[in-house]
Amino acid sequence: MTFKTRCPSCQAMNRLPATQVSDVPLCGKCRQHLLDGHPVEGTSENFQALMQSDIPVVIDFWAPWCNPCVGFAPVFEESAKNRHRKVRFIKINTEAEQELAAQFQIRSIPTIMVYKQGQRLNIINGALPQSQFDQWLDETIRQSE
């Protein structure tokens, strides 16, 4: 089984075998990391494969019209950069991916969820400053170990 994912660096679409979701695949165009160092665009097509990761997965449910979501984006991006290869970060645009938003019963945004091995570890609604988000994420991941 394969899935498509957009390169966070050059925006090129890449097709990956689902078995490579825990590897460190590179973009076929720019050779940058596809799944680490930047949040990955989550879609109904790639979401299940991304969730099969061996590392914790942090999901940001957001929308482009949401001011708190837009303000939180740099915090999420910085956390993805700082936790390279230790945690996978996924952004799901609830406007474009309404089925995923409904599946996870998203009622307010931003909503951030942390999963490990398919089990939800924690959820938070609302944007946080960098230090508070990092503290929340550290505590959530530490409790799962």
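A pocket is, on a 1 Å grid over the protein atoms alone, an open set of points with protein on both sides within 12 Å along at least five of seven lines, and its lining residues have an atom within 4 Å of a point. The structure is a predicted model, in which local features need pLDDT of at least 70 and side-chain atom pairs count only at pLDDT 80 or more, while totals for chains, interfaces and linings use all residues. Residues are numbered from 1 along each chain as its sequence is written, and side-chain values use heavy atoms, with hydrogens and water left out.

**Largest pocket**
- The largest pocket is lined by 17 residues, and Gln-11, Pro-39, Val-40, Glu-41 and Lys-91 are those that lie nearest its centre.
- Two or more lining residues come from each of strand E3 (40-41) and strand E5 (88-93), strands being DSSP runs (E, at least two residues) and helices likewise (H or I, at least four), numbered from the N terminus.
- E5 gives the most to this lining, with 3 residues.

**Helix H4**
- In helix H4 (residues 130-143), Phe-133, Asp-134, Trp-136, Leu-137, Thr-140 and Ile-141 are buried, that is, under 20% relative accessible area with a 1.4 Å probe and protein chains only.
- These residues lie on the same side of H4 because they cover an arc of only 165° around the axis, taken from the directions from the helix axis to the C-beta atoms.
- Ser-131, Arg-142 and Gln-143, on the other side of H4, are exposed, meaning over 50% relative accessible area.
- The buried residues of H4 pack against strand E4 (57-62), helix H2 (67-82), E5, strand E6 (111-116) and strand E7 (119-125), with contact meaning heavy atoms within 4.5 Å.

Methods:
1 Å grid on protein atoms, 1.4 Å probe; cavity = no way out; pocket = protein on both sides within 12 Å on 5 of 7 lines; lining within 4 Å. Expected span 1.5 Å × (residues − 1).
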